[in-house]
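Welcome, and please take a moment to look over the model below. The notes after it will walk you through some of its local features, topic by topic.

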Amino acid sequence: MASLSEEVLLVVKKVRQRKQDGTLYLMAERIAWGPEGKDRFTVSHLYADIRCQKISPDGKSKIQLQLVLHTGESTTFHFANESSALKDRDAAKELLQQLLPKFKKKANKELEEKNRMLQEDPVLFQLYKDLVVSQVISAEEFWANRLGGINNTDPGLCDNKQEVGISGAFLADIRPQTDGCNGLRYNLTADIIESIFRTYPAVKQKYSENVPHNLTEKEFWTRFFQSHYFHRDRINTGTQDIFSECAKQDDKGLKSMVSQGVKNPLVDLLSLEDKTLDEVRFNWTDSNRTVKDSSNSAIIKRFNHHSAMVLAAGSRKGDTQVDQASETSSTDGNSRDSDFFQPPVRLQEAIEYEDLQRENGPKTVALNLKKADRYAHGPVPLQSQQYTTSQDIINSVNYIQHEMANYKPNLTQVLSSTSASSAIAALSPGGVLMQAGAQQAINQMVPPEVQGELKHLYAAAGELLRHFWACFPVNTPFLEEKLTGHLEEMLQTAYSKFHIWQTRRMMRKT
Amino acid sequence: MKLNIEGLLVYFPYDYIYPEQYSYMLELKRTLDAKGHGVLEMPSGTGKTISLLSLIVAYQRAFPLEVTKLIYCSRTVPEIEKVVEELRKLMEFYSKETGETNNFLALALSSRKNLCIHPEVSSLRFGKEVDGKCHSLTASYIRAQRHSNPNQPVCRFYEEFDAVGRQVPLPAGIYNLDDLKDFGRRKGWCPYYLARYAILHANIVVYSYHYLLDPKIADLVSKELAKKSVVVFDEAHNIDNVCIDSMSVNITRRTLDRCQNNVDTLQNTIQKIKETDAAKLREEYRRLVDGLKEASVARETDIYLSNPVLPDEILQEAVPGTIRTAEHFVGFLRRFLEYLKSRLRVQHVVQESTPQFLKDIFDKVCIDRKPLRFCAERLQSLLRTLEIADIADFSAVTLISNFATLVSTYSQGFTIIIEPFEDRTPTIANPVLHFSCMDPSIAIKPVFQRFQSVVITSGTLSPLDIYPRILDFRPVTMASFTMTLARTCLCPLIVGRGNDQVALSSKFETREDFAVIRNYGNLLLEMSAVVPDGIVAFFTSYVYMENIVASWYEQGILENIQRNKLIFIETQDAAETSMALEKYQEACENGRGAILLSVARGKVSEGIDFVHHFGRAVIMFGVPYVYTQSRILKARLEYLRDQFQIRENDFLTFDAMRHAAQCVGRAIRGKTDYGLMIFADKRYARADKRGKLPRWIQEHITDGSLNLTVDETVQLSKHFLRQMAQPFRQEDQLGLSLLTLEQLQSEEMLKKITQIAHQT
């Protein structure tokens, strides 16, 4: 056997594949099958390559197990041991069931990564379509020098694109439109749904509980918009509303936020006052006066909660890091101390008069504006700054009147009518003198779809050339083979593709 | 920097000084020299506190026999801590310059909640609980019980302090609240009692107003403070209301019910004690016959700050026989309670003076004036005798007895109003008896009488002359200082019209007007698009804000504002508002920008600063008049007119404008700060309103910005904000609004400085 060093987890004899008897081996990292009497595997799949396994239904005469690979190929094993076929198959299935998920994650990660790259980068996607889908080069080769770069860099750096915060007004953006027959239409986008979920985790929970088992997505959102939860200004009455629970959870969340208190003593209104002492004060009033729960105060509560949640959703990531940091520091017992030192620092800041002290911070370079006005007003079209007084205007009006009164046409010096009309013709659109100005840039002459296609061809050819040049210097047999073998072929294909395109364009043009 | 203020060497812990600080110190020195009282107004953010501290500390060092103590009263706990930190800075400067260690002792005092280090007690969340729990561990009889029963829990910190803490004075130094706690932890002493003890010999004490103004607290904490002290009330623009609050009592049906329970408990306890320990009650009786002589001796020899609740006359007398025994007194309380209950059963509003009330009570239940006056003292004595552990439980009966004493002591300056229901909900019976003080001078009188100099100072005290009138004292100096500015960093704008020329006003007739509300909304919306970071908007009252927010919500204005900034709204719940405030600051901090909708006279407008980007614009929607239909207010206005010849309208406008000034002043916290102040009401343009704004704001209101439309406001704001966003360096200020020592000493500058102080 080729690789006995591998740990063999299960051996099943009398397994047929392509009508050939053989033995199935399940090993630590792969599944393999070898025909009877031969010491090599004709079938061997890494677990990571397997997407899923399928088994034949119980009642069927043939007891089979099918492996579907990520590439879409599949391999079928037929368990042929008459007495124990079912047991064998089940044993294999069980083991696979345990093994596959372990590898799946790894595989999926790579796949996801590829998928993500394709989605985020339209140029790459187009390239992928041009080269891989049209089978100029294989998928592995395409990814070989793409993924390499990614896997080497710190995944933390490029994996996380910057998280986008949530607009405070995302609910306002789904303003309903009447659809003409007593109905309302709400426009939801994926972004808004994402925003709702991030701001109101309770809704997300409801969503995952109910969709798609109890409700369709559409029904869910319809109910959401109909719910009292969405229109919180109305007093909550209905209990059958699935969102009434959300409202309760929100209230609870708000309460817990409130009960946590605030960290900054400068804004803690509860501890601002300092008047309790041995005796109660004179103007002792009922301290637990209940605040009336009017609908107006519900709106106010809602706004506070909404803003807090939006804020929290935007900074959740940072928070967790801070929490972790504080947790780690609390293990060595320092966190108490740091808490302890915080207030004086804040106080120090509050009593600082920075301008009364000598500057000792780093010197900064001040922006030197020549014309502060221009900065303050933004760019304005250049215009003469001379103002004319009303006296000037009156003077000039008088002057013009005077001029007009004394106007005498000088008829001997005027243009003849023919030359005048030819001049007009030359200056009108389409005339001789107007053509110079109508020269179009090349990007306006060529229709955009042609430009697009050309761009794609160019990119594809460029990619191929990159592969080509990456083979030099040719110092391994693999590279040599690649160069002499299919790369040449590929370039040929690409060239012919371009040629085809060219002729097609020519054909169309003529 | 070392300054020469009319011959006094003042150490000032900075390299530069604002001209107004110098001017302020001059005035302050004159006040101290004259051993009189002063009223000084200087804008916030011009270093008022450090000027005060520098001068008074220097004065104390130069004339240690003239001024022995500085009592610095501020409003909130953070303010108190800030003052102590500034003082620490000053003291560090002193020791650096003089090279000798200071023998100054300065400390902050706060309630138990902020000072307790007992592991269980300090974990309680509310001040009242902490006080109650502390009392149950440290009361004298509890500790006495421990002698017989060692299992009785006591506070080890207090025990330790009591055993050794009083012998050694607190070492010299600056003690903030945290320092006191640290010190307490090291020594194992109770920081609260340590601080209370240490204020007697400290050079500087920093604490809250209430410790001096609230008669009950002052009696416990401050009565033995030296006469030769300088008292400073910082942020004193609201001092009259604090005085009034501390002397007013509200009694509801709930109060009476709880009082009933208290009285029952008292009765039972007396019964029990009678069976077990009758000697104790006899001892008390003997003491009461002797009367309150000790207190009277102390007051005559001028050791104590007098307590307005404890009138002079009763000190000479013995407690009247009718309430001398414990049972009789409880019976007396029952009768009084029944009488109050019957009064609360009224169907219509009753308003009467204290003599009328006394006559009525005599006619109905035969309670004389004299025993009523002893009620508070008698109850205290009884509670001590009965060894009641949790005094907080007896708050209701304490309240009632205080009321009894006050009502029988003062025939003037108080009024009694009984309202069977709230005006807004005439169908729901909720009777309240307001015993309301109308004369703030009653509570503050002992302070003015006892202490050598009292300085009242704030950023907004305009018009200055009204304070001496309503507080009934004669100041030797009254001055208002402007803010010298190298660039105009505040921009007050009065918006009188909407873009559709609708007059904007929150006055009663138009406040429900749809057009006004919409225009207010537009103003906020437009501003939210131009102003960076934080905007704070103030409304005249909570109800008004609720209505406006609701109608903005319906009109979709709030949604549009949300596109620009997040919205946070003050609620009536302090904890919720704190959270909103913190989130607001977070949103300003991370660049998203936010709007805080808040209420004038609310907690936010009084205690929270919006420095730099936390408040680039303040919008004052309407003129924050107090609710004028309130009977208490009407009674007070009448009293002011009769006693002080202050016209009702003058007082109302003064009160509204000081609150407006407070609100808009929140945004400017220094010369490097900048902010828009938008007054959205056409009434601000009138001279009588404008003239009552502080001078440092008034100066910058140009005639062109008196009646702007929303559009014009936006244009002016844009321009202002762009200019202000330019870098502002120290060199720009030097010589104008910031001085070196040399510049300060130049003739020319000294001449200029004399103009800064605006005497009235």
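Which residue takes a positive phi in the hairpin of β1(A) and β2(A)? It is Arg18(A), with a phi near 45 degrees, and the hairpin has two residues between its strands. This is a predicted model, in which local features need pLDDT of at least 70 and side-chain atom pairs count only at pLDDT 80 or more, while totals for chains, interfaces and linings use all residues. Residues are numbered from 1 along each chain as its sequence is written, chains are lettered from A and ligands numbered from 1 in the order in which they are written, and side-chain values use heavy atoms, with hydrogens and water left out.

**Terms for strands, helices and angles**

- Helices (H or I, at least four residues) and strands (E, at least two) are DSSP runs, numbered from the N terminus.
- Two strands pair if DSSP finds at least two bridges between them.
- Axes are lines fitted to C-alpha atoms, for helices over the stretch in contact, and angles run from 0 to 180 degrees between N-to-C directions.

**The sheet of chain A**

- Chain A has an open sheet of seven strands with antiparallel pairing, and their order is β4-β3-β2-β1-β7-β6-β5.
- At its edges are β4 (43-46) and β5 (50-55) of chain A, each of which pairs on one side only.
- From one strand to the next, the twist averages 25 degrees.
- Strand β1 (residues 8-17) of chain A runs antiparallel to strand β2 (residues 20-27) of chain A, and seven bridges join them. Here Leu10(A) has Leu26(A) of β2(A) as its bridge partner.
- β1(A) is also joined to strand β7 (residues 74-79) of chain A, by two bridges and again antiparallel. In this pairing Arg16(A) has His78(A) of β7(A) as its bridge partner.
- Ile55(A) stands opposite Leu65(A), which is in β6(A).

- Helix α6 (residues 190-199) and helix α7 (residues 201-210) of chain A pack at an angle of about 110 degrees, and their axes are 5 Å apart.
- That angle makes α6(A) roughly perpendicular to α7(A), because angles of 65 to 115 degrees count as roughly perpendicular, those under 35 as roughly parallel, those over 145 as roughly antiparallel and the rest as oblique.
- On the α6(A) side the contact is made by Ile196(A), Phe197(A), Arg198(A) and Thr199(A), and on the α7(A) side by Pro201(A), Val203(A), Lys204(A) and Tyr207(A). Contact means heavy atoms within 4.5 Å.
- By class, this contact has five nonpolar, one polar and two charged residues. Ala, Val, Leu, Ile, Met, Phe, Trp, Tyr, Cys and Pro count as nonpolar, Asp, Glu, Lys and Arg as charged, and the others, Gly among them, as polar.
- Over all chains, the structure holds 40 aromatic pairs. One of them is the tilted pair of Phe197(A) and Tyr207(A), with 5.0 Å centre to centre and 55 degrees between the planes.
- Rings of Phe, Tyr and Trp (its six-membered ring) pair if their centres lie within 6.5 Å; planes under 30 degrees apart count as stacked, over 60 as edge-to-face and the rest as tilted.

**The sheet of chain B**

- Four strands of chain B form an open sheet in the order β9-β12-β11-β10, with antiparallel pairing.
- β9 (249-252) and β10 (350-352) of chain B each have a single partner strand, so one side of each is left without a neighbour in the sheet.
- Direction ignored, neighbouring strands of this sheet are turned by 10 degrees against each other on average.
- Three bridges link β10(B) with strand β11 (residues 414-421) of chain B in the antiparallel sense. Val350(B) stands opposite Ile418(B) of β11(B).
- Helix α13 (residues 253-276) of chain B packs on the sheet, where it touches β9 and β12 (429-437) of chain B, and its direction makes about 80 degrees with that of β9(B).

**Loops of chain B**

- Ser462(B) and Pro463(B) are joined by a cis peptide bond with an omega of about -10 degrees. Pro463(B) is placed in the loop between β13 (453-458) and α23 (466-471) of chain B.
- Asp472(B) is not a glycine, yet has a positive phi of about 60 degrees. Asp472(B) lies in the loop between α23 and β14 (475-481) of chain B.
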